[in-house]
Amino acid sequence: MKVSNLLGKAKGSALLLLGTASVVVSMDANAIPVFARQTGFKCVACHVGGMFPQLTSLGRMFKLTGYTMGNRPNLDGLEVQNDYPPVAIMVQGAKQYYNNTRAGQGTPSSSADLQVVSLFAGGKITDNFGTFMQWTGQKYANLQSGSQVGYNAAAIDNTEFRYADRTVTPNSDLILGAYINNRAMMSDVWNNFGAWESGWINYFNPGGPLAPTTYMMGESSQHAAVGVGGYFFKDKTWYGELAVYKSPTHGPFSMLTAGTTSVGNTAVTSLLEPSPYFRFAYNKEWGANSFEAGIHGMMSYVYGTPLYGAPAATNSLPGGPASAYHDVGLDAQYQYVLDPHYFAAHARVTRELMNNTPGQANWEGLFATNATDNLTETYIDATYVYEAKYGAQLSYASATGSNDAGLYGAGTALNPATGAYSATGSPNWRSWTPNIFWQPYQNLRIGYMYTFYTEMGGVNSGSNVTFGVGGPKFSPANFNTSMLYVGFIY
């Protein structure tokens, strides 16, 4: 049976979600995912309050040393009779609630739904080499998760191969490493970026427009490029990382993008020019506390859409990037980890300068009005977990920048001179998301989250949010969305 069919038949599966909880009750306490089985640690040792994906200092060291810590033998030494296979599965189901929805987006119904299934493999291959591999099938196009997996489809997801060597002397502790992965910022160990942001759960097609985001932070840039990078971590204090990302159109690395960037494909993000990424950070650990502050950036050279298959006059043919995105920002994290109290906070600000090609469609299929634009994205969150079971999180997200009616069309404003409404082209958005959750077992999480918008398309009051001049008008609050969710991983 195809996975897409399996996911489709899961509609209305509230009983299945409840059944999942009963299965977990009967599990052996040692039956936990791949890395925990390899190390023998419980989830709470490597994740803040056991709430993946937030990493503790031990979890960061596990990743920085190439997923190789633990007593598991090398891959060629595994014994079927004695060793757990290096595989795991994750299932997410939810029931979403909307104030408003837009038609034609494959939006989930209000019934309980099995939305995503992920399979994982990885861990130690040799003493210095390890991997993290994920394959995902999902029923809805998850516009906020960034996977190239579309509606009712399945493909390779976050995947990374790491080599690391650690040298410890009485006066020094140095980790040197290298990686190949298919997602910029997948290398993040401080949970500020991309797939590893502290808010593990994302909506599936939230029923309205998505907030503008920098290309670096935007999930649409992911899984359509492969990166090769190197890093160092000195005395658990100084961290540095450099990488280059590029979209492979053929060859062995194209399997990491599931063929989405192959010649002939259209409507995909294509980094056909090498695009460098960097991150430098200061890390401090004392007692139950840890703190990180750093700088990050990426210079992305992005071809527009369609990439191939159209007349040259409308095509972004190889010969020069259609758009260039220069991103740089600051990020920070603070953690307190001492049972029964677990606390983590994250903040980042990323500033982007866009060099557009007016008159030519960019990677989103949009035509910028301005030759240059800027965008600033801000994200802040705080999470508290008690006894590794009960938790709450509050996150804030905003975007501000220069107006461009070709890129941002959600807001309208009254022109006093003409008395007519016209598009503002404003990228300004603000939203808040409280999230409460309960983890009765380390394999199971049940939660409820609610996102409310205080600004959208530059509109922060009244009903001037539209999807085109002359269309229906809404207020930002009309697009508030909430979700009751269940996540299971084994």
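**Figure 1. Tyr 282 in a predicted model of the protein chain.** Tyr 282 belongs to strand 8 of a model that is predicted. Its relative accessibility is 32%, so Tyr 282 counts as partly exposed, a class that lies between the limits of 20% and 50%. Tyr 282 is also one of the residues of a nonpolar patch on the surface.

**Figure 2. The nonpolar patch on the surface.** Besides Tyr 282, the residues that form this patch include Leu 176, Phe 232, Trp 238, Leu 242, Phe 280 and Trp 286. Phe 291, Ile 295, Val 328 and Leu 330 also take part, and the accessible area of the patch comes to about 1000 Å² together. Two or more residues are given by each of strand 7 (238-246), strand 8 (275-286), strand 9 (289-302) and strand 10 (323-338). Strand 8 contributes the most, with three residues.

**Figure 3. Cys 43 and Cys 46, two cysteines without a disulfide.** The structure holds zero disulfides. Cys 43 is in no disulfide, and the nearest cysteine sulfur, 8.7 Å away, is that of Cys 46. For Cys 46 in turn, the closest cysteine sulfur is in Cys 43; because a disulfide requires sulfur atoms within 2.5 Å, the separation of 8.7 Å is too far for a bond. Cys 43 has a relative accessibility of 9% and therefore counts as buried. Cys 46, at 13% relative accessibility, likewise counts as buried. The limit for this class is a relative accessible area under 20%.

**Figure 4. Strand 16 and its pairing with strands 13 and 17.** Strand 13 (residues 390-401) pairs with strand 16 (residues 429-441) in the antiparallel sense, over 10 bridges. Within this pairing, Gln 393 has Asn 435 in strand 16 as its bridge partner. Strand 16 is also joined by eight bridges to strand 17 (residues 444-455), and these two strands run antiparallel. Here Ser 431 stands opposite Tyr 453 in strand 17. A hairpin of two residues links strand 16 to strand 17. In a regular strand, side chains alternate between the two faces of the sheet.

Figure 5. Pro 340 is found in the loop between strand 10 and strand 11 (341-355).

Figure 6. Met 185 is a residue other than glycine, yet its phi is positive, near 75°. Met 185 is placed in the loop between strand 5 (172-181) and strand 6 (226-234). With a relative accessibility of 1%, Met 185 counts as buried. Glu 387, which is not a glycine either, has a positive phi of about 55°. The loop that holds Glu 387 lies between strand 12 (372-386) and strand 13. Glu 387 has a relative accessible area of 39% and is therefore partly exposed.

**Figure 7. The protein chain as the setting of the close-up views.** The secondary structure of the chain consists of five helices and 18 strands. Of its 490 residues, 51% are buried. Among contacts between residues at least 6 apart in sequence, 67% join residues at least 24 apart. The accessible surface amounts to about 20100 Å², and carbon and sulfur atoms account for 62% of it.

Methods. Residues are numbered from 1 along each chain as its sequence is written. This is a predicted model: local features need pLDDT of at least 70, side-chain atom pairs count only at pLDDT 80 or more; totals for chains, interfaces and linings use all residues. Side-chain values use heavy atoms; hydrogens and water are left out. Helices (H or I, at least four residues) and strands (E, at least two) are DSSP runs, numbered from the N terminus. Buried means under 20% relative accessible area, exposed over 50%, partly exposed in between (1.4 Å probe, protein chains only). Contact means heavy atoms within 4.5 Å. Accessible areas come from the Shrake-Rupley method with a 1.4 Å probe; for residues, only the protein chains shown count as cover. Two strands pair if DSSP finds at least two bridges between them. Patches are made of residues with over 30% relative accessible area and no salt bridge: like charges are joined within 9 Å, nonpolar side chains (Val, Leu, Ile, Met, Phe, Trp, Tyr) within 5 Å. A salt bridge is a side-chain nitrogen of Lys or Arg within 4 Å of a carboxyl oxygen of Asp or Glu.
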